[in-house]
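Subject: Structure handover

Hello,

Here is the structure for your work. The notes on what was found in it follow below.

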Amino acid sequence: MHAAYEKLLGGRSGAVGLLVMAVLLLVVFPLTLDMFRLNLVGKYLSYAFVAVGLVLCWGYGGILSLGQGVFFGLGGYCMAMFLKLEASDPISTKIQSTPGIPDFMDWNQITALPAMWEPFHSFAFTVLAVLLVPTILAMLIGLAMFKRRVGDVYFSIVTQAIAAILSILIIGQQGLTGGVNGITDLKTLMGWDIRTDHAKLVLYFVNAALLFGCILFGRYVLGSKLGRLLVAMRDKEERVRFSGYDVASFKVFVFCAAAMFSAIGGAMFTLQVGFMSPSFVGIVPSIEMVIYAAVGGRMSLLGAVYGTLLVNFGKTYFSETFPELWLFLMGGLFIAVVMYFPNGLAGLWQTQGKRLMARLRGEPKPAVAPTVAPAAAPTVTTVTTVTTVATARPSTPEPKRDGIEPGATLEASK
């Protein structure tokens, strides 16, 4: 029981951190925000899945992926395909040239539903696709890269290139994916209208619950032997490899876990916002997702969530209040974090937050021993001893040198 407590909750401090976040997300926000703002927070929390995965992948595993938007988008598109098929029943699309297919396919003169869309009539298959399609892609990328010991900046560049390629592919296949507009006008989930306020509230709580599940899974991994190996690989990869561990397999695992987290976030984003487009797949959103983890603290799972909320709240507030300056203000925020808080919000809490909380609780400062000037060193008469060691043979007495007997000791005081 104690071991599970330490692994899942991170001990007493970890349990308190989870409790504070649970109260904030599940009590404070729903009670104080209107439905529009609460839905915005739900959208921000869907990005937090990516940031939590990056803490595992980048913060502890040392694998900086600049293509997490790929997995976020794949999860979102899988869910969007199911919702779009449900919204494209023959009755709703009877004015089309070909009823029963999505509207963008009809606009592109497609007369039959493509084979790749057929399985997404099933919700169970859709859920499996959300979890497995991005994970399998991440596994293929990881095996191709890590087995050949490609890492560091080269891996980051490759993932960035994959994000650009997938974004271009989605835009180019307009008849299959909706092109630059994406998949829009999503209305129901198995007959349940997801556009109502009640549905948005339920989806918000489901989103938060899934996020806490990912955080607990991440803490379990980090509290296990695998977590210690990840840190060791990040710092001294060759030493871990020479110890007999398969470093590539560990990297593939943590990269796949981060991809699955991102896909879950993408699916929840689609449900809460009601569309998915290639603008969430490319290079720019992928880099923004890395910024979420950096601002929150790339070594803290909870810090990644707070960082995501802070950055997105800043984007919303600055764009509404200062529409002409908000990009500069966001840039200044990022620069300030990098320069003055390199460990993010989590590092700031470690250095200043705990000290402030102790002061508010009235705890006394730790006693500091008074500084006492050292006593003057006593005057010591230096005695110089010079010993002459006879090197001649014992049978032959050594002659006198400067009036000193052989082997004698001369003592001089000053």
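This is a predicted model: local features need pLDDT of at least 70, side-chain atom pairs count only at pLDDT 80 or more; totals for chains, interfaces and linings use all residues.

Leaving aside residues up to four places away in sequence, Val 305 touches Met 21, Leu 45, Ala 48, Val 52, Leu 211 and Ile 215.

**The chain as a whole**

The chain holds 16 helices and four strands. It has 414 residues, of which 43% count as buried. Of the contacts in the chain with a separation of 6 or more, 75% are between residues 24 or more positions apart.

**Helices α7 and α13**

The axes of helix α7 (residues 152-172) and helix α13 (residues 283-296) come within 8 Å of each other and cross at roughly 135 degrees. The cut-off for roughly antiparallel is over 145 degrees, and α7 and α13 are therefore oblique to each other. On the α7 side, the residues that meet α13 are Gln 160, Ala 163 and Ala 164; their counterparts in α13 are Ile 283, Ser 286 and Ile 287. Sorted by class, the contact of α7 with α13 has four nonpolar residues, two polar ones and no charged ones.

**Cysteines**

How many disulfides does a search of the whole structure find? The search finds zero. Cys 57 is in no disulfide: the nearest cysteine sulfur belongs to Cys 256 and is 9.7 Å away, whereas a disulfide needs the two sulfur atoms within 2.5 Å. Cys 57 counts as buried because its relative accessibility is 0%. Cys 78, at 6% relative accessibility, also counts as buried; the cut-off for buried is under 20%.

**Ser 88**

Ser 88 lies in the loop between α4 (68-87) and α5 (103-107). Is Ser 88 buried or exposed? With a relative accessible area of 4%, Ser 88 is buried. Not counting residues up to four places away in sequence, Ser 88 touches Thr 93, Gly 100, Ile 101 and Pro 102.

Regards

Key:
Residues are numbered from 1 along each chain as its sequence is written. Side-chain values use heavy atoms; hydrogens and water are left out. Buried means under 20% relative accessible area, exposed over 50%, partly exposed in between (1.4 Å probe, protein chains only). Axes are lines fitted to C-alpha atoms, for helices over the stretch in contact, and angles run from 0 to 180 degrees between N-to-C directions. Helices (H or I, at least four residues) and strands (E, at least two) are DSSP runs, numbered from the N terminus. Angles under 35 degrees count as roughly parallel, over 145 as roughly antiparallel, 65 to 115 as roughly perpendicular and the rest as oblique. Contact means heavy atoms within 4.5 Å. Ala, Val, Leu, Ile, Met, Phe, Trp, Tyr, Cys and Pro count as nonpolar, Asp, Glu, Lys and Arg as charged, and the others, Gly among them, as polar.
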